[in-house]
Structures are given as structure tokens and as C-alpha cells.
Amino acid sequence: MEMQSFLRDSSVAPNYSIIFDFERNFDKNLKRQWMMQNWHHSLYFSVLYVLVIFGGRAYMETRSRFEIRRLLAAWNVFLAAFSIFGLCRTLPEMVHVLTEFGFTHSVCNPSYIESVKVSGFWTWMFTLSKVPELVDTVFIVLRKQPLIFLHWYHHITVLLFTWYSYKEHIATGRWFVVMNYFAHSLMYSYYAMRAMHIKMPRFVAVIITSAQLLQMICGFYVSFFGYLKRQKGESCELPDDVASYALLMYASYFVLFARFFYHTYISPRSKSKKVD
């Protein structure tokens with residue numbers, strides 16, 4: 001039955017020239033069932049994360065910072081490669097859907113995970129990746145760099161939201177995944193080059209933060225669009241509770257990233273700051 005459904009909806013899939021076995025064998029129902037039973041583990045990861053980073057900060061107060069640039073560079077190269085590959089596997093599906101079926105389908109129809117195994121697999125990997133990404137903060141703590149509220153708040157809320165919403169197979173997830181892979185492709189590539197002492201022009205950082213701000217605007221818009229469709233009684237795979245969480249999350253991100261953008265690139269004090 002599942003194979004018949006996949007074949008019937010095969011027109012929603014782009015023409016991938018290469019499909020790996022691990023993508024072809026992806027079982028969306030099995031992963032969804034697992035997440036329905038285990039999504040609450042994201043709460044445990046979040047609590048452990050807070051204990052580790054703030055306990056670590058207290059531990060490091062009287063100690064010298066760790067010089068671990070090589071390890072940091074390797075970590076960022078790995079995350080950059082993962083994000084770039086994920087983007088290459090999910091973006092074609094969204095472009096195909098937008099050009100062949102339109103914007104409403106992209107926001108309200110979860111064919112990216114229900115019918116397309118390639119983007120479905122990389123959506124699953126995206127969801128799981130929010131746990132190892134917490135290690136970013138460990139590097140900040142060990143190197144005794146400033147730990148701003150935006151950083152750890154963003155990590156926790158993304159983890160909780162992605163794990164909670166995955167079990168619903170929300171249609172807007174298509175947008176969330178592609179945008180995040182794109183932003184992280186830029187961000188982790190930039191971090192990797194900085195860790196390798198490759199000097200980057202200031203405008204590169206400005207572009208990356210601008211892309212993140214644009215991501216928050218787009219995330220809010222598609223969530224609001226899907227929410228309105230539901231309120232009008234039209235079909236849209238975006239439960240009201242998930243839509244509400246997404247709207248609150250993206251609105252708060254926009255405020256925090258806009259504040260970060262101002263204090264980092266526009267405020268007179270930012271011109272005298274030297275980034276480590």
C-alpha cells in the first residue's frame with residue numbers, strides 16, 4: 001500500500017539523478033512512530049544542556065581557556081558539509097513543488113516527507129541533528145567566549161520544536177528544513193574558516209546574519225499563511241498548536257537576531273569591537 005501511494009504521488013518528486021540506498025530505504029512511518037514515542041526526550045536533552053553549559057561556565061571561571069581551534073575547525077567543517085549536503089538533497093524538492101504545484105502546496109501539503117524519500121530522509125536527519133548541534137555551546141564555554149541569551153535559547157527552542165513537530169509531519173517543515181540547511185551552510189562554513197585563521201571580510205558576517213533574519217521572516221510568514229488556511233476551513237497540514245508555537249518562535253528569533261544585528265554591526269560600539 002505504501003509503495004502504491006508513493007508511485008501514485010511520484011509526480012511531486014524531482015528527478016534525482018542519484019538516490020542512495022539509505023534514502024531509498026527510508027521508512028517515514030517507522031520514524032514517525034519512533035518520534036511519537038520519544039519526542040519528549042528533547043526535554044531531557046534540553047535540561048542536560050542547560051546544566052552542562054552553565055555548570056561548565058562556573059567551572060571555567062577560575063581556569064584558563066582551552067586552545068582547541070583545530071578541533072573546533074573540524075567540528076565546523078563537519079557541520080558545514082552536513083548542511084550543504086542536506087540542502088542539496090532537500091532544495092530540489094521544494095523548487096520542484098513551487099514551480100509545478102505552487103506556493104500553497106509548498107506550505108500545506110507534506111509531500112516532501114510523505115511521498116519523497118530523499119527529502120524525507122534528510123528531514124529526519126535535520127531533526128536528529130539538533131541534538132549534536134548543542135555541542136556548539138560546549139566550545140564556547142571551553143574557550144571562555146561570551147555566551148549570549150540568543151545562542152542557547154535558539155538551540156533549546158529549535159530542538160524542542162523540531163522534535164515535537166516532526167511527529168505531525170507538518171507541511172511547513174519543507175520550508176523550515178531548507179531554510180535552516182541554507183543558513184547553516186553559510187554559518188558553519190564561515191565558522192570553519194575563522195577557526196582555521198582564514199581572515200573573512202566583515203560583510204560576510206553581515207550577509208550571514210541578514211540571511212538568518214530573512215529566514216525568521218519567511219518562517220513566520222509561511223506559518224501564518226498555513227494558520228490562516230486552517231482558520232478558513234481549508235486543507236493544510238499544520239495543526240493549530242504547532243502553528244502557534246512556530247509563530248511565537250520565529251517572532252522571538254526575529255527580535256533577538258535584529259537586536260544582535262544592531263549591536264554587532266550598526267551600534268557605534270560595534271566598530272571598536274574585535275571578534276575573536
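Analyst: Let us begin with a loop residue: Leu 147 lies in the loop between helix H9 (135-142) and helix H10 (149-166), where helices are DSSP runs of H or I with at least four residues, strands are runs of E with at least two, and both are numbered from the N terminus. This is a predicted model, in which local features need pLDDT of at least 70 and side-chain atom pairs count only at pLDDT 80 or more, while totals for chains, interfaces and linings use all residues. Residues are numbered from 1 along each chain as its sequence is written, and side-chain values use heavy atoms, with hydrogens and water left out.

User: Why does Leu 147 count as buried?

Analyst: Buried means under 20% relative accessible area, exposed means over 50%, and partly exposed lies in between (1.4 Å probe, protein chains only). Leu 147 has 12% relative accessibility, and therefore it counts as buried. The C-alpha atom of Leu 147 is separated by 9.2 Å from that of Ile 53, although the two residues are 94 apart along the chain.

User: Is Tyr 188 buried or exposed, and how do you know?

Analyst: Tyr 188, which is found in helix H11 (residues 173-195), has a relative accessible area of 1%, so it is buried. Between Tyr 188 and Ser 83 there are 105 residues in sequence, yet their C-alpha atoms are 8.3 Å apart in space. Of the 276 residues of the protein, 47% count as buried.

User: What makes H12 roughly antiparallel to H13?

Analyst: Helix H12 (residues 202-231) packs against helix H13 (residues 240-266) at an angle of about 155 degrees, with the axes 9 Å apart. Angles under 35 degrees count as roughly parallel, over 145 as roughly antiparallel, 65 to 115 as roughly perpendicular, and the rest as oblique, so H12 is roughly antiparallel to H13. Axes here are lines fitted to C-alpha atoms, for helices over the stretch in contact, and angles run from 0 to 180 degrees between N-to-C directions.

User: How does the radius of gyration of the protein agree with that of a compact globule?

Analyst: The radius of gyration is taken over C-alpha atoms, and the globule rule is 2.2 Å times the number of residues to the power 0.38. With 276 residues, a compact globule would have a value near 19 Å, and the protein has 20 Å, which agrees. Along its principal axes, the C-alpha trace spans about 60 × 35 × 35 Å, and the protein has 13 helices and zero strands.
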